[in-house]
Amino acid sequence: MVIVNLQLKIKPEKKAEFLDWFKALLPDTRSYDGCSELSLCSTVTDSTAVDVISKWESQDKYDTYLAWREEDGTLAALDAFLSEEPAFRFLAVDQKF
């Protein structure tokens, strides 16, 4: 299992529009093959920061999903909302308690 932490910095004037747009994408992400959990999180100390935390069966499954989002134009559309390049963190789950 892999946890993916997608860190986004949103243009302040685009935050409400971004949240509406992004929330509409989440059901398809959650139902995509290999995704077992998905959360959209706002950072308490930075109103422009949004983190997307998801759990996937493998990084290969996530990479397949991300390629699909590139093909369908979602990643290009995302750029209009960002003030910085997105950051990805991939965390292998070694143990669950």
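This report describes the aromatic pairs, the cysteines and the nonpolar core of a predicted model.

## Basis of the description

Local features are reported where pLDDT is at least 70, side-chain atom pairs count only at pLDDT 80 or more, and totals for chains, interfaces and linings use all residues. Residues are numbered from 1 along each chain as its sequence is written, and side-chain values use heavy atoms, with hydrogens and water left out.

## Aromatic pairs

Two rings of Phe, Tyr or Trp (its six-membered ring) form a pair if their centres lie within 6.5 Å; planes under 30 degrees apart are called stacked, those over 60 edge-to-face, and the rest tilted. By this rule there are 15 aromatic pairs. In one of them, the ring centres of Tyr32 and Tyr65 are 5.2 Å apart and the planes stand at 70 degrees, so the pair is edge-to-face. This pair joins distant parts of the chain, 33 residues apart: Tyr32 is in the loop between helix H1 (15–30) and strand E2 (35–42), whereas Tyr65 belongs to helix H2 (residues 59–71). Helices (H or I, at least four residues) and strands (E, at least two) are DSSP runs numbered from the N terminus.

Tyr65 is buried, with a relative accessible area of 8%. Buried denotes under 20% relative accessible area, exposed over 50%, and partly exposed the range in between (1.4 Å probe, protein chains only). Trp56 and Tyr62 form an edge-to-face pair, with 5.2 Å from centre to centre and 80 degrees between the planes; both residues are buried. One aromatic cluster contains Tyr32, Trp56, Tyr62, Tyr65, Trp68, Phe88 and Phe90.

## Cysteines

The structure holds zero disulfides (a disulfide being a pair of cysteine sulfur atoms within 2.5 Å). For Cys35, the nearest cysteine sulfur is that of Cys41, 13 Å away. That distance is too far for a bond. Cys35 is buried, at 8% relative accessible area, while Cys41 is partly exposed, at 30%.

## Nonpolar core

In soluble globular proteins, nonpolar side chains tend to be buried together. A nonpolar core is a set of buried Ala, Val, Leu, Ile, Met, Phe, Trp, Tyr and Cys residues joined through side-chain atoms within 4.5 Å. The largest such core has 20 residues, of which Leu8, Ile10, Phe18, Phe22 and Trp56 touch the most other members. Strand E1 (2–9), H1, E2, strand E3 (49–56) and H2 each supply at least two residues of this core, and the largest share, five residues, comes from H1.

Apart from neighbours within four places in sequence, Phe18 is in contact (heavy atoms within 4.5 Å) with Leu8, Ile10, Val50, Leu78 and Phe81.
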